[in-house]
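Here is a protein to get to know. Have a look at the model first, then read on.

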Amino acid sequence: MAAISEPRPDAPMHERLRALLAENGIEAMSLEQMEQEDSHIREFNPKTASAGAYLETFTANRSSEQYPPSQCLVWELQRLAALTEKMSVQREELKAEMVQAEHALRERHTDRVRSYEA
């Protein structure tokens with residue numbers, strides 16, 4: 001069995017969680033797989049996200065008794081990895097949008113200054 005490399009301490013949370021799963025012989029699910037399996041992940045929107053809603057689904061999953069506690073824990077780690085990855089992706093998209101908006105604003109400002117100078 002090949003040694004599993006531990007992620008850097010400053011690695012994104014989703015990488016660290018997936019490494020933890022791998023260390024325990026559990027294949028981590030991708031964000032895309034989790035979105036197919038879990039409506040909370042699929043419908044997650046940082047603008048309307050609610051810790052309470054997450055905790056409700058967490059509590060419901062834990063108390064369902066459909067699966068043993070160890071499987072519930074693995075599922076919740078998979079969910080956390082997917083959520084943190086999705087938040088990271090969305091944060092990068094938002095940063096890119098902000099940079100574009102700032103660039104457009106600067107261009108408009110420069111155009112106005114030039115029109116006053118003319």
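What follows is a quick tour, from the overall fold down to one residue.

This is a predicted model, where local features need pLDDT of at least 70, side-chain atom pairs count only at pLDDT 80 or more, and totals for chains, interfaces and linings use all residues. Residues are numbered from 1 along each chain as its sequence is written, and side-chain values use heavy atoms, leaving out hydrogens and water.

So what is the protein built from? You'll find five helices and zero strands, with the order α-α-α-α-α from the N terminus on. Its radius of gyration is 21 Å, well over the 13 Å that the globule rule gives for 118 residues, so the protein is more spread out than a compact globule. That radius is taken over C-alpha atoms, and the rule is 2.2 Å times the number of residues to the power 0.38. Helices here are DSSP runs of H or I with at least four residues, while strands are runs of E with at least two, numbered from the N terminus.

Some overall values:

| Property of the protein | Value |
|---|---|
| C-alpha box along the principal axes | roughly 75 × 35 × 20 Å |
| Accessible surface (Shrake-Rupley, 1.4 Å probe) | about 9,000 Å² |
| Buried residues (under 20% relative accessible area, 1.4 Å probe, protein chains only) | 22% of the 118 residues |

Now zoom in on E85, which lies in helix α5 (residues 69-117). Is E85 buried or exposed? With 19% relative accessibility, E85 counts as buried. Leaving aside residues up to four places away in sequence, E85 touches H14, R18 and L31, where a contact means heavy atoms within 4.5 Å.

Conventions
Buried < 20%, exposed > 50% of the residue type's maximum accessible area, 1.4 Å probe, protein only.
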